Amino acid sequence: MTAVSDRPEAEIGKARRRKEDQHLITGRTTWTDNMVLPGMLHLAILRSPMAHARITSIDVSAARTRPGVVAAFSGQDFAETQGSLPCAWPVTKDMVNPGHPSIAVTQVNHVGEAVAVVAARTKAEAQDALEAIEIDYEPLPVVLDMEAALADGADLVHPDNTSSNKSYTWVFDSGEAGTGGKMEDALSGAEVTLTRRFIQQRLIPSFMEPRSVVVQPQGDGVLVHSATQIPHILRTMLALTVGIPEHAVRVVAPDVGGGFGGKIPVTPEEVLTTLMARRLGKPCKFTESRSESLMTAHHGRDQIQDITITAKRDGTVTGLDVHLLADMGAYLRLVGPGVPILGAFMYNSIYKFPAYRFVCDGVFTTKTPTDAYRGAGRPEATFAIERIMDELAAELGMDPMELRRKNWIRHEEFPFTTVCGLTYDSGNYEAATDRALELIGWDALRREQAERRERKDPVQLGLGISTFTEMCGLAPSRVLGSLDYGAGGWEAASVRVLATGKVEVVTGASAHGQGHETAFSQIVADRLGVPFEDVQIIHGDTQSSPKGLDTYGSRSLSVGGIAIVKAADKVIEKARRVAAHLLEASEDDLEFEAGSFSVKGSPGSSVALGEIAFAAFTAHNLPDGMEPSLDSDAVYDPVNFSFPHGTHLCAIDVDTETGMAKIRKYVCVDDVGNPINPMIIEGQVHGGLAQGIAQAMFEEAVFDDAGNLTTGTFVDYTLPSASDLPSFTTDRTVSPSTDNPLGVKGVGEAGTIASTPAVVNAVVDALRPFGVTDVRMPMTPERIWRAVQGGAQ
Amino acid sequence: MTKINVTVDGVSYHDDVEPRTLLVHYLREQVGKVGTVVGCDTSNCGACTVDLDGLSVKSCTVLAVQADGSEVTTVEGLAGTDGLDPMQQAFHDNHALQCGFCTPGMIMAARDLLRHNPHPSEEEIREGIEGNLCRCTGYQNIVRAVQAAAGAAAGAAAGAGAAS
Ligand code: FES
Ligand code: FES
């Protein structure tokens, strides 16, 4: 049977059910915490109950005598050897980084910081032994409020090695950059100026699989299994941090139960487990509890956004001035300082703003460190701009959609270079918006709203808009370099056609739920003309996939997917030479279609890829000088980011007497370029919407005045359940990316980025007749009720 | 240590357990049923849901000694040689999982829901699985999967009725 009859249809664009499901639905999984190794020790970590304190004494000796305990150490035991956890994004030359020990030595700077570690035969024994550790703290003043932290004479988070709580100030000014006008001019010449403060509350990524790491000493090195998003970067960073030659570190990310940015950093637990395994010469496992996870895995968002927009009376926006305070927490994590900087490029969103200034101060507080969380900087930016566009519309007495239409980049203007200097390759904001308005029945809803306002219905209807774009792919490397990011933005792939014609693909983009195996298989199946089932995707192990930059920022498809295409194309070129040799034809006379080379004009004369692979394997009859085997590598560094966009609309019923808000309809039309697997796209959008709506309505990490996390379990940190969310209507428009051969963009973060402002805009819209101009997130019934009572907040 | 007799996925086990051992830890660490997972320490996430004598329970809320003499079914006991359980199939068909960590518990809870209410409305499904958290899917496809499984069961029942 030939490949042609095996697969008559194109794979790309098909809602293929996922390859990766079988073992997950049957429970045959490889979560890190499932690992059991001979002689393996379990670790338990004693964590600081104080937000800020000196450790005046610590005695772990009694713990060492507890049943099953093999070792107990305090931070002192690692003082010389532990190094500092890496921060790979020094956003300014003078950024202050006080260093980040994996286990505190003399001082703790947030609740939950590790202070001692016990290794025992069982986890329960290790945990029991923690109780025997004696430790005295001398409290230091807590630093919780960012503005107070920056005031003169403020108590310092790191009194020994910093002179203020400011880590950095990062500035972008379109006048200075030469990408637009001066903000001063926009301010002085403005017909209308509007200033707002928005609060991006602290969120907790809350992947469902708690973090887990197992480290096996192996010779001079280590084999690390970790529930991480970044096996490749972790390998390099562990080598640098712990001082092991990089080639002696192997990192495996087996099944990983979600990440959302929360499994990006090199964590204290990964480093500490590595240190313990090396010191004890035994495999060690650490798995966090959920409360440890909520307290110590990094948090996201937590910014104060002061925004000023300037405009003409006709609604033409003339400038945007943004000042952020970004809470870094107690330490700088892997990419934490860069999160607001990524956002800096998204405040102008889909609009043609002539002038733009962005200033961000990164601030230390005695709280859990922050780092990337789904969207990383872009949800915050989109929120601010979409909220203030609504407020500007209200100020001008304009319809908020009209204001957007007046300012956005029109379809015929692409490619368009923004006031930040980014060039958007393609997009069609009109098409996505028109489709969304039609799907939700906007005009009828507006009529209903007017009618309910008229009759003073206690349940008011609010209509919210969010039009957005984002930057995905996080590359080219050169651009990341210009932002002082410590790594590139490329991705690697290998494609191997085996002797039997089956295909192995190695990717550096390791997945944690996104469906890479399926989507990548579809791409390869089409490119090589082989059956979908004949493609296997290998990822998540630095030994079998030695090169890569992992998965974050919706980069897998638009960077990793293209690396695969490049490798596959090289394989096809090699195969073409073999085919020409076997068919005794000229390469130029060959056509490659549906997995087979044939001589143009004589279709009877053909050879299938599988036959070529076998010939390349036996190497009995290859062109002179050709290396045997049919495979190739590629590394792809994109020429540009990709810019998915969309329009999200929300209709919400707000009970003005109780403050209860219930989403009645949520419609989104996303444009993610060419779809590879529509089913996976829809799933990604759904999950993203749930997280973005949760920021608007449910989630917030709260600290009390002593710096304790009061939302430290799933009882208090409200993840939405099925009954908290509606069903969504999703649809697509397609503006293929013109910067990559598949025309793809990226979808993982779209739902989260767009939905938060859509929902808040809807609630504010419902309450505008009551004088309400903002409701702080999460918009709990109490906050909404207070807003109704108090008018503008 | 206390002796217990438990049947898990059709195989009987005679084991010594510490009195404080939770059923989920017994299943994972002593029996090796690692398909059932732990997602929280406050019985909020539902990732550990199993069937205990025909009742759906969060296995982190039950002591192993309480399961003495009982029959436990975990997600690993669902698929037989004749293929997937209809709920597993429905999850696959409807893309009701992404990372898959919540999935074993979700499948067990969803099966239990249909046992008690074979034809649930969307709202009833959402309420029925609200003790199980999923961070990836936004639940919509899980709801679809449960509807599909209910439909399949109804179809099978109708087919059986016609045949008899
Ligand atoms: S582990 Fe049992 S409910 Fe979360
Ligand atoms: S699929 Fe990841 S938590 Fe549900």
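Helices (H or I, at least four residues) and strands (E, at least two) are DSSP runs, numbered from the N terminus. The model on screen is predicted, so local features are described only at pLDDT of at least 70 and side-chain atom pairs only at pLDDT 80 or more, whereas totals for chains, interfaces and linings use all residues. Residues are numbered from 1 along each chain as its sequence is written, chains are lettered from A in the order in which they are written, and side-chain values use heavy atoms, with hydrogens and water left out.

**Stop 1: chain A as a whole**

Begin by selecting chain A, whose secondary structure comes to 22 helices and 28 strands. Its radius of gyration is 28 Å, close to the 28 Å that the globule rule gives for 793 residues, so chain A is as compact as a globular protein of that length; the radius is taken over C-alpha atoms, and the rule is 2.2 Å times the number of residues to the power 0.38. Along the principal axes the C-alpha trace spans about 85 × 75 × 50 Å. If you colour by accessibility, buried residues make up 65% of the 793 residues in chain A, where buried means under 20% relative accessible area, exposed over 50%, and partly exposed in between (1.4 Å probe, protein chains only).

**Stop 2: backbone details in chain A**

Most residues other than glycine have a negative phi, and most peptide bonds are trans. Select A:Phe414 and A:Pro415, which are joined by a cis peptide bond with omega near -10 degrees; A:Pro415 sits in the loop between helix 13 (400-407) and strand 16 (416-417). Then move to A:Met777 and A:Pro778, where the bond is again cis with omega about -10 degrees, and where A:Pro778 belongs to the loop between helix 21 (750-767) and helix 22 (781-790).

Next, select A:Asp302 in strand 13 (residues 300-311), a residue other than glycine with a positive phi near 65 degrees; at 10% relative accessibility, A:Asp302 counts as buried. A:Lys456 also has a positive phi, of about 50 degrees, although it is not a glycine. A:Lys456 lies in the loop between helix 15 (442-454) and strand 18 (459-469), and at 69% relative accessibility A:Lys456 counts as exposed.

**Stop 3: salt bridges**

Side chains of opposite charge can pair when their charged atoms come close.

Select A:Glu209 and A:Lys263, a salt bridge whose closest N and O atoms are 2.9 Å apart. The pair links distant parts of the chain, with A:Glu209 in the loop between strand 8 (192-203) and strand 9 (212-218), and A:Lys263, 54 residues apart from it, in the loop between strand 11 (249-252) and helix 9 (268-280). A:Glu209 is buried, with a relative accessible area of 1%, and A:Lys263 is buried at 2%.

Go on to A:Glu380 and A:Arg301, which form a salt bridge with the closest N and O atoms 3.9 Å apart. This pair connects helix 12 (residues 378-396), which holds A:Glu380, to strand 13, which holds A:Arg301, the two residues being 79 residues apart. Both A:Glu380 and A:Arg301 are buried.

In chain B, select B:Asp51 and B:Arg115, a salt bridge with the closest N and O atoms 3.1 Å apart. B:Asp51 is in strand 3 (residues 49-52) and B:Arg115 is in helix 3 (residues 103-116), 64 residues apart. At 6% relative accessibility B:Asp51 counts as buried, whereas B:Arg115, at 40%, counts as partly exposed.

**Stop 4: chain B as a whole**

Select B:Tyr139 in the loop between helix 4 and helix 5 (140-163); B:Tyr139 counts as buried at 1% relative accessibility. The C-alpha atoms of B:Tyr139 and B:Arg126, 13 residues apart along the chain, are separated by 8.2 Å.

**Stop 5: B:Glu124**

Finish at B:Glu124 in helix 4 (residues 122-128) of chain B, which is partly exposed, with a relative accessible area of 36%.

Methods: Salt bridge = Lys/Arg side-chain N within 4 Å of Asp/Glu carboxyl O.
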